[in-house]
Amino acid sequence: MALQKDALVILGPRRHPPVPARAANTHTSIAIQTALGFSTLDSDDYVEAAQKLRPDIVFGMADYEHLKRPGVKRLEKMGDRSLAWTQAMVAGLRDNPDISVDTALFAPVLPIEADQQSYYLDALEEELINYVSGLVVYNAASVDAIPAKMSHLPRVAMTRMYGPHDLLDQIALGIDIFLPSFVGEVTDTGLALTFAFPSPESSSSGQRLVLGINMWPEMHAADLSPLLKDCTCYTCRKHHRAYIRHLLDAKEMLAWVLLQIHNYHVMDVFFDNVRKSMSNGTFEHSREVFEKSYEREFPASTGQGPR
């Protein structure tokens, strides 16, 4: 793959954010959405894909169905199936002599109560702990169900997040790695992110600060300032708001490319400062100030996305 050397290759069974599938999971497969429509992913095929692609991290298959509330009988199957699929992945990664690189397996923690998946979690703790490098969480509240012997493992959140407030809430719950799909979503609507962590103690007007700027209005047509003052991203160093607004108005794809560069830079700085605050013991205070300082929802867009 033509990737920089420090890029992680992660293999997962489902897209994120997930789309509810029409079919139900079976004992050997899960229902998924693909580029060609809805389909099924067989456990053996997924293990084979991990063997051939050799990712840095592979997420174990979990027997859950997005936005569907499981019944009593369904709950019993979820743990049994997830355990069988995890065992199959462990065997496939461990017993394949052709694998020359180590692939870290992140086992799923099901989005159900701890007592409803106790057999599955006990098996992970007692039988598979030496083969599991991390955990995949589908409900942030499920971190309470993680066995004590596995509490040190990194946790990936496959939950739906709508902004930085959700990120901070889940960090406080013990989540380590995120897939913040909202960054691409706000970029598509023509928004430039402007929030910072730690945030200002208060705004001059006494009102909460906005999380981003809608770049569609005419007011930006002659504005030669960067998207965000003192931002060091490529977009803010090389271009101004008027140019971005012109590209949006002309429906040029470059507009969304430049916005995406800026928005991911804002997220990089955000996470870097979160890590620093955790190191110096100020995270909880900074989180409380952020909650009070910023609106929880992004500004409404007045334009159309690129797609």
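Modeller: Let's start with what a cavity is: a set of grid points where a 1.4 Å probe fits but cannot get out. Keep in mind that this is a predicted model. Going by that rule, there is one cavity of 30 Å³ or more. The space in the largest cavity comes to about 150 Å³. It is lined by 15 residues, and the ones closest to its centre are Arg14, Val19, Ala21, Ala31 and His66. As for the make-up of that lining, eight residues are nonpolar, three are polar and four are charged.

Now for the stretch of chain that holds some of those numbers. Pro17 sits in the loop between S1 and strand S2 (29–34). The peptide bond that joins His16 to Pro17 is cis, with omega at about -5 degrees. Pro198 belongs to the loop between strand S9 (191–193) and S10. These bonds deserve a look because most peptide bonds are trans.

S1 also leads us to the sheet. Six strands form an open sheet in the order S1-S4-S5-S6-S7-S8, and they pair in parallel. Strand S1 (10–11) and strand S8 (177–178) are its edges, each pairing on one side only. Further in, strand S5 (residues 104–109) runs parallel to strand S6 (residues 134–137), and four bridges join them. In one of these, Phe106 has Gly134 of S6 as its bridge partner. Helix H2 (residues 72–94) lies across strand S4 (57–59) and S5, and its direction is at about 180 degrees to S5.

Arg54 isn't a glycine, yet its phi is positive, about 50 degrees. It counts as partly exposed because its relative accessibility is 35%. Lys251 is another non-glycine residue with a positive phi, near 60 degrees. You'll find Lys251 in the loop between helix H7 (241–249) and helix H8 (253–279). Lys251 is partly exposed as well, at 48% relative accessibility.

One last stop is His220, in the loop between strand S10 (212–214) and helix H6 (234–238). Buried means under 20% relative accessible area, and His220 has 2%, so it counts as buried. Leaving aside residues up to four places away in sequence, His220 touches Ile213, Asn214, Met215, Arg241, Ala242 and Arg245.

Key: Residues are numbered from 1 along each chain as its sequence is written. This is a predicted model: local features need pLDDT of at least 70, side-chain atom pairs count only at pLDDT 80 or more; totals for chains, interfaces and linings use all residues. Side-chain values use heavy atoms; hydrogens and water are left out. On a 1 Å grid over the protein atoms alone, a cavity is a set of points where a 1.4 Å probe fits but cannot get out, and a pocket is an open set with protein on both sides within 12 Å along at least five of seven lines; lining residues have an atom within 4 Å of a point. Grid points are joined across faces, edges and corners, and a volume is the space filled by probe spheres set on the points. Ala, Val, Leu, Ile, Met, Phe, Trp, Tyr, Cys and Pro count as nonpolar, Asp, Glu, Lys and Arg as charged, and the others, Gly among them, as polar. Helices (H or I, at least four residues) and strands (E, at least two) are DSSP runs, numbered from the N terminus. Buried means under 20% relative accessible area, exposed over 50%, partly exposed in between (1.4 Å probe, protein chains only). Contact means heavy atoms within 4.5 Å. Two strands pair if DSSP finds at least two bridges between them. Axes are lines fitted to C-alpha atoms, for helices over the stretch in contact, and angles run from 0 to 180 degrees between N-to-C directions.
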